[in-house]
Amino acid sequence: MFRLTRPLFNAARKTTTGLTGLKVHHDPLPELKKTYEATLQALSAMPQSSVYRQGAEALTLHKLKVLEKAGADVTIVEKELDEGHIEESLEVAQDELSLANKMLEWKAWEPLEEHPQPGQWQYFGKEATASTSS
């Protein structure tokens, strides 16, 4: 009797994502977990007070918990993450990792090197600051 492992079974039943340019990944869950963990590692190098770190870390931890809770079931992960195909989730995770590395390079949490000119952050008669949006 021929026995299929989960990655081989997924590869046997899914031949296309139906999206141009997005190829089927035959073992996406370990790759997705590795990408989430790499993102968390990159985020840990940022200060705790960084707003980007706080948001991205919370989202990545949530996605990692969904992944671990689902075990090896790709269908559950796709449903819980609600990002389309698992390959799309992998692409989003890789983009987030890339952005986290760029944010580290840019040191976006540091103060501006040059002070903004008067009125630069004023829109529709209201002053916009980092702490308020109005």
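Tutor: Gladly! Helices are DSSP runs of H or I with at least four residues, numbered from the N terminus. Keep in mind that this is a predicted model. Threonine 39 has its place in helix α2, which spans residues 28-43.

Student: Why is threonine 39 called buried?

Tutor: Buried means under 20% relative accessible area. The relative accessible area of threonine 39 is 2%, so the residue is buried.

Student: What is threonine 39 in contact with, leaving aside its neighbours within four places in sequence?

Tutor: Thr60, Ala93, Glu96 and Leu97.

Student: Which residues make the contact?

Tutor: On α2 they include Leu32, Thr35, Tyr36 and Thr39, and on α5 they include Leu90, Ala93, Glu96 and Leu97.

Student: What makes up this contact by residue class: how many are nonpolar, polar and charged?

Tutor: The contact of α2 with α5 has 13 nonpolar residues, five polar and two charged.

Student: And how many helices and strands are there in the protein?

Tutor: Five helices and two strands, in the order α-α-α-α-α-β-β from the N terminus. Of the 134 residues in the protein, 27% are buried.

Notes
Residues numbered from 1 in each chain as written. Predicted model: local features only at pLDDT ≥ 70, side-chain atom pairs only at ≥ 80, totals over all residues. Heavy atoms only, no water. Axes fitted to C-alpha atoms, helices over the stretch in contact; angles between N-to-C directions. Contact = heavy atoms within 4.5 Å. Nonpolar A, V, L, I, M, F, W, Y, C, P; charged D, E, K, R; others polar. Buried < 20%, exposed > 50% of the residue type's maximum accessible area, 1.4 Å probe, protein only.
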